[in-house]
Protein chains: 2
Amino acid sequence: MLKLSTKGQYGVRAMFEIARGYPENPVTIKEISERQEVSVAYLEQILNKLRRAGLIRSVKGPGGGYLLARKPGDVNIASILKELEGPVAITSCLDPEEGCARVEGCVTHLLWRSLGAKIEAFLETITLKDLLEKEPLLKNFDTDHKRYKFGAA
Amino acid sequence: MLKLSTKGQYGVRAMFEIARGYPENPVTIKEISERQEVSVAYLEQILNKLRRAGLIRSVKGPGGGYLLARKPGDVNIASILKELEGPVAITSCLDPEEGCARVEGCVTHLLWRSLGAKIEAFLETITLKDLLEKEPLLKNFDTDHKRYKFGAA
DNA sequence: TAATACTTGACAAAATTAGTAAGGTATTTT
DNA sequence: AAAATACCTTACTAATTTTGTCAAGTATTA
């Protein structure tokens with residue numbers, strides 16, 4: 001349940017590769033394709049969205065490629081995923097575009113909204129810098145379970 | 001992104017209705033169908049899974065229906081969703097059934113795993129009892145954003 | 001024994017995902 | 001200038017998943 005599409009996954013991995021070239025080494029689609037094992041054609045689609053969103057910029061011609069528009073520490077995972085997959089919307093009635101017909105009568109509405117907010121908050125705290133500094137991540141993983149309260153602080 | 005299927009949503013709402021009958025008032029599929037606006041046929045499919053998982057039990061014949069197998073406070077949302085949608089698996093490589101071919105080389109693997117663990121932990125803290133006591137949920141919502149650190153406590 | 005209610009498995013329309021394909025535009029090196 | 005490199009854009013489609021419906025049971029009790 002709660003799967004992420006490949007577009008989102010590939011997008012984050014592509015951004016990671018581009019971040020490795022920061023600040024001035026353009027990374028080509030071909031390089032990303034080879035390192036992350038994703039087809040060039042599919043990556044073009046993905047990077048196009050990210051570029052239009054202002055997360056990356058591109059340099060054309062020989063020697064060109066993609067560059068991070070901001071510092072790795074200023075690009076969080078939530079912002080990448082939002083461009084590729086839209087807002088976190090556990091249920092469609094939470095999607096800003098659709099709206100909920102039964103907010104009042106729906107006991108679970110708040111639950112999903114709360115979950116979505118938590119996911120988003122978490123993804124906003126992780127940046128490309130965190131991914132680049134891989135080692136720290138490997139430490140104390142799985143140490144912070146069962147610490148949340150629904151609705152409470 | 002990260003949508004929940006209707007099966008999961010309806011499942012939780014159906015469980016809520018059954019919980020309202022706790023401890024000894026069987027709730028019929030028809031009642032659930034009317035109150036939650038979900039077809040009887042679809043609910044049958046859903047409740048069947050939940051019954052086989054031991055979350056609810058059924059009473060046949062006139063006057064029958066479904067009963068919660070445990071106290072509302074002992075049935076958490078994660079357990080309901082897991083039966084209907086499988087484990088939280090942000091990426092398919094995290095699905096226990098599939099496995100990941102590139103764990104070592106995959107910088108994002110840990111990220112998704114960490115996110116999944118957080119989602120699961122959160123859903124485990126919410127029970128049907130919380131949904132029954134709707135009022136408390138409406139208080140201090142949206143007050144607990146941006147408090148998480150990736151990997152750290 | 002009739003009515004009520006759960007049980008099961010097969011099937012299918014609709015929506016979404018996960019890409020491929022083809023052709024175009026811009027830039028730079030030679 | 002022209003060839004090479006690399007990005008840019010749109011259209012399309014096969015596969016998968018989702019979201020159900022349908023039909024024909026079985027079990028229990030008034």
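The model on screen is predicted.

**Stop 1: chain A as a whole**

Select chain A and colour it by secondary structure. Chain A has seven helices and two strands. Followed along the sequence, these elements run α-α-α-β-β-α-α-α-α. Chain A has 153 residues, and 37% of them count as buried. Among the contacts in chain A with a separation of 6 or more, 60% are between residues 24 or more positions apart.

**Stop 2: helix H3 of chain A**

Now select residues 40–52 of chain A, which form helix H3.

Show the side chains of A:Leu43, A:Ile46, A:Leu47 and A:Leu50, which are buried. Looking down the axis of H3(A), you will find the buried residues within an arc of 95°, so they line one face of the helix. Next, select A:Ala41, A:Glu44, A:Asn48 and A:Arg52; these exposed residues sit on the face of H3(A) turned away from its buried side.

What do the buried residues of H3(A) pack against? Select these parts of chain A in turn:

- helix H1, residues 6–20
- helix H2, residues 29–36
- strand E1, residues 56–59
- strand E2, residues 65–68
- helix H4, residues 77–85

After H3(A), move on to A:Gly54, where phi is positive, near 85°.

**Stop 3: DNA strand C**

Select DNA strand C and the 24 residues that surround it. The closest are A:Ser5, A:Ser39, A:Gly61, B:Ile29 and B:Ser58. H3(B) gives the most, with four residues. By type, the surface near DNA strand C has six nonpolar, 13 polar and five charged residues.

**Stop 4: DNA strand D**

Finish with DNA strand D, which has 24 residues around it; A:Ile29, B:Ser5, B:Ser39, B:Lys60 and B:Gly61 come nearest. Two or more residues of this surface come from each of H3 and E2 of chain A and helix H1 (6–20) and H3 of chain B. Return to H3(A) here: with four residues, H3(A) gives the most to the surface near DNA strand D. The residues near DNA strand D comprise six nonpolar, 13 polar and five charged.

Note on methods:
Residues are numbered from 1 along each chain as its sequence is written. Chains are lettered from A and ligands numbered from 1 in the order in which they are written. This is a predicted model: local features need pLDDT of at least 70, side-chain atom pairs count only at pLDDT 80 or more; totals for chains, interfaces and linings use all residues. The expected span of a helix is 1.5 Å times one less than its number of residues. A residue is buried if 20 or more other C-beta atoms lie within 10 Å of its own, exposed if 12 or fewer, and partly exposed in between; C-beta atoms are placed from the backbone. The arc is that of the directions from the helix axis to the C-beta atoms. Two residues are in contact if their C-beta atoms, placed from the backbone, lie within 7 Å. A residue is near a molecule or strand if its C-beta atom, placed from the backbone, lies within 6 Å of it. Ala, Val, Leu, Ile, Met, Phe, Trp, Tyr, Cys and Pro count as nonpolar, Asp, Glu, Lys and Arg as charged, and the others, Gly among them, as polar.
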